[in-house]
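Reader: I'd like to learn how to read secondary structure features off a model. Could you walk me through a few?

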Amino acid sequence: MSAILVIEDEEKYRRVISLHLSSSGYAVKAVGTAEDGLKLASEMDLILTDLKLPGMDGLAFLEQLRSQNMLAPVIVMSAFGTVEIAVDAMKKGAVDFLPKPFSLDHLSVVVEKALEVRKLRDENRELREALGKKYQFENIIGHSPAMQEIFATITRVAPTRATVLLCGESGVGKDMIARAIHQHSPRKDKPFVKINCTAIPENLMESELFGYEKGAFTGANISKPGKFEIANTGTVMLDEIGDVPGSIQVKLLRILQEREFERLGSNRVQHSDVRVVAATNVDLREALEQGTFREDLYYRLNVVPLNIPPLRERKDDIPYLVEHFAQKFGGTVSEGAMERLVAYHWPGNVRELENVVERSILLAQGPRVEPGDVRIDTSERSRPAAGVAADQFLPEGMTLDEYEQSLIREALKRANGNKSHAARLLGLTRNALRYRLAQMGLE
Ligand SMILES: Nc1ncnc2c1ncn2[C@@H]1O[C@H](COP(=O)(O)OP(=O)(O)OP(=O)(O)O)[C@@H](O)[C@H]1O
Ligand SMILES: [Mg+2]
């Protein structure tokens with residue numbers, strides 16, 4: 001039952017209104033002054049107040065309510081129902097206005113409408129709060145449906161031991177999400193160990209991951225635990241998992257399947273209780289096709305796949321991210337600048353956006369980042385739009401075709417033979433690269 005407070009100094013009015021509302025099924029309290037009304041206001045769903053009252057008047061009462069953060073909607077009544085007063089009251093937060101004299105039917109309609117609005121507003125707030133609580137991960141910003149879905153999945157899987165495979169372009173937040181999974185797991189006070197599989201040379205990888213015994217190889221003067229041993233009872237993040245060489249893939253499979261490993265130079269089987277979160281910015285299925293990645297390992301890793309879309313595919317996150325970073329770097333961003341930031345396609349994803357916001361704030365002419373201050377740095381991917389300088393022209397005696405082929409070979413080399421990666425380096429789609437490779441007779 002909704003509770004309604006009536007503040008009306010004229011006894012006759014007060015009685016009629018109270019009676020009508022009580023008989024309509026509301027719990028009514030009626031008082032003659034705003035001072036008395038204030039004492040009851042916090043327990044009310046709706047307040048009806050006269051504007052002209054002895055002592056504190058209706059407008060002052062409204063101000064008092066708001067300053068005390070009481071959110072019940074207020075309907076004002078007045079015999080001097082001029083437009084100005086109504087406007088003033090609405091500005092101060094009244095939801096509706098009843099000019100006296102009014103019919104009891106009119107009263108009912110206005111009351112019902114105000115209560116309906118309140119109900120909707122409360123439901124919205126509850127929904128927002130529920131969403132916010134459920135799918136908020138510290139500093140990870142994500143309002144887009146795609147990110148909300150990812151948050152929902154993280155919420156479900158973080159407390160388990162399930163292996164998670166994070167896929168997404170560079171800078172989409174894979175590291176951040178891996179850490180959030182650890183933070184929201186019962187292992188949060190245990191070690192989180194990140195292993196960057198591209199950074200470790202193949203011949204050192206086994207000893208890095210699994211440790212070694214003294215004398216296992218030349219230079220092994222002491223025994224040393226590996227990352228999996230250090231991370232015991234915690235979480236291991238295997239970053240750039242696509243780059244793990246075959247010899248190590250077998251050992252990873254074993255640790256995922258049997259939870260067993262041996263230090264290099266030792267026969268003693270050790271057990272490791274680690275939760276694995278793997279990450280990759282290449283399409284592992286392609287590596288499967290090419291036979292560079294073991295299928296059994298892929299299925300072991302791919303228990304819970306999380307595909308984090310590039311920023312350009314979830315542009316609704318951009319304004320929130322910009323606000324977040326602007327706050328972090330102590331600046332503000334104008335609407336026009338925001339428009340430019342939203343329009344850009346962000347090949348470097350959130351990492352690039354963060355850098356651009358920081359740079360723009362540092363170098364802005366005024367206190368606020370205006371459109372002209374937005375420093376999107378395209379130099380890393382620079383293309384000499386106005387033509388090439390003489391010394392940058394085709395190498396002596398080379399044709400355009402030959403030059404193109406040499407660029408493609410170089411890209412493949414830099415990408416360790418990974419075609420998707422090489423295509424990205426060249427600014428091509430994978431299919432476009434394939435087409436060119438076929439033309440070169442290399443496909
Ligand atoms: N949703 C997000 N909210 C706030 N900051 C983010 C978000 N996503 C990424 N970032 C920030 O962007 C930067 C890059 O994120 P992160 O290192 O997690 O990306 P990544 O996917 O691991 O990239 P890479 O593949 O290059 O390793 C970090 O500084 C991170 O804090
Ligand atoms: Mg990363």
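This is a predicted model: local features need pLDDT of at least 70, side-chain atom pairs count only at pLDDT 80 or more; totals for chains, interfaces and linings use all residues.

Reader: Which residues of helix 16 are buried?

Author: Buried means under 20% relative accessible area. In helix 16 that picks out Ile 408, Ala 411 and Leu 412. Look down the axis of helix 16 and these buried residues fall within an arc of 100 degrees, so they line one face of the helix.

Reader: And what sits on the face of helix 16 turned away from the buried side?

Author: Lys 413 and Arg 414, both exposed, are carried there.

Reader: What do the buried residues of helix 16 pack against?

Author: Two other helices: helix 17 (419-426) and helix 18 (430-439).

Reader: Let's switch to strands. How many residues of strand 3 are buried?

Author: Strand 3 covers residues 46-50, and five of its five residues are buried. With a strand, check which way each residue points. Leu 46, Leu 48 and Asp 50 go one way from strand 3, while Ile 47 and Thr 49 go the other way.

Reader: Which strands does strand 3 pair with?

Author: For pairing, look at the bridges and the direction. Strand 1 (residues 3-7) pairs with strand 3 in the parallel sense over four bridges, and Ile 4 stands opposite Leu 46 there. Strand 4 (residues 74-78) also runs parallel to strand 3, joined to it by four bridges. In that pairing, Leu 48 stands opposite Ile 75.

Reader: One more, for a single residue. Is Gln 270 buried or exposed?

Author: Go by the relative accessible area. For Gln 270 in strand 12 (residues 269-271), that value is 11%, so Gln 270 is buried. Next, list the contacts, skipping neighbours within four places in sequence: Gln 270 touches Glu 229, Arg 259, Glu 260, Phe 261 and Arg 263.

Conventions:
Residues are numbered from 1 along each chain as its sequence is written. Chains are lettered from A and ligands numbered from 1 in the order in which they are written. Side-chain values use heavy atoms; hydrogens and water are left out. Buried means under 20% relative accessible area, exposed over 50%, partly exposed in between (1.4 Å probe, protein chains only). The arc is that of the directions from the helix axis to the C-beta atoms. Contact means heavy atoms within 4.5 Å. Two strands pair if DSSP finds at least two bridges between them.
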